[in-house]
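Subject: Structure for your review

Dear colleague,

Please find below the structure that I am handing over to you. My findings follow directly after it.

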Amino acid sequence: ECPICISTYKGINKTVCCKKPLCTECFLQLKKPRCLSTCPFCISPAFDVLYAKPLTAEEIKRHEQVLDYCLKSERCLKKEDFSGALISAEKSIELDENWVEGWSLKGDAMFGLREYSLALESYNICIYLEPKNRLFQEKCENSQVIC
């Protein structure tokens, strides 16, 4: 599924910089010929995509599970159930250790539990996965100030 237009495709492009899915139609609208374009996800100036082969049924199911756990974690965070948010975030990471949203949610849950050094570790992984993402840099800075 393309996160911008929400259209579903069997095979979809992935951004080179941060490995996010992006359909060809959205890519062509964002990347104008002879113009510098930045990635809409991580703001990288090296914005380009690679075509990813269609996902298998098992890969689709695993990705849907990752998204479900992330949604559960977000709901728990809104209710300030930080332990529940942590459990769901960790389950999403178990399914896909490169899913940056799972690491971010884990950091948010740890921050809510006042485990600032553990939150910082999660945010550092986010920065490793998406080096240009300013939100993760700010979260790291906030955790460092409190540590």
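The side chains of the protein chain include 20 positive and 21 negative ones, and 5 Å separates the centres of the two sets. Please note that this is a predicted model, and that the charge positions above are computed from it.

Of the 147 residues, 37% are buried.

As to the fold, the protein chain contains six helices and three strands. Their order along the sequence is β-β-α-β-α-α-α-α-α. The radius of gyration is 16 Å, close to the 15 Å that the globule rule gives for 147 residues, so the protein chain is as compact as a globular protein of that length. The C-alpha trace spans about 45 × 35 × 20 Å along its principal axes. Among the contacts with a separation of 6 or more, 49% are made between residues 24 or more positions apart.

The three strands form an open sheet, with antiparallel pairing and the order β2-β1-β3. At its edges are β2 (21-22) and β3 (49-51), each of which pairs on one side only. Strand β1, comprising residues 13-15, runs antiparallel to β3 and is joined to β3 by three bridges. Within this pairing, K14 has L50 of β3 as its bridge partner. In general, strands of a sheet pair through backbone hydrogen bonds, either parallel or antiparallel.

With kind regards

Conventions. Residues are numbered from 1 along each chain as its sequence is written. This is a predicted model: local features need pLDDT of at least 70, side-chain atom pairs count only at pLDDT 80 or more; totals for chains, interfaces and linings use all residues. Side-chain values use heavy atoms; hydrogens and water are left out. Two strands pair if DSSP finds at least two bridges between them. Helices (H or I, at least four residues) and strands (E, at least two) are DSSP runs, numbered from the N terminus. The radius of gyration is taken over C-alpha atoms; the globule rule is 2.2 Å times the number of residues to the power 0.38. Buried means under 20% relative accessible area, exposed over 50%, partly exposed in between (1.4 Å probe, protein chains only). Contact means heavy atoms within 4.5 Å. Lys and Arg count as positive and Asp and Glu as negative; His and the chain ends are not counted. The place of a charge is taken as NZ of Lys, CZ of Arg, CG of Asp or CD of Glu.
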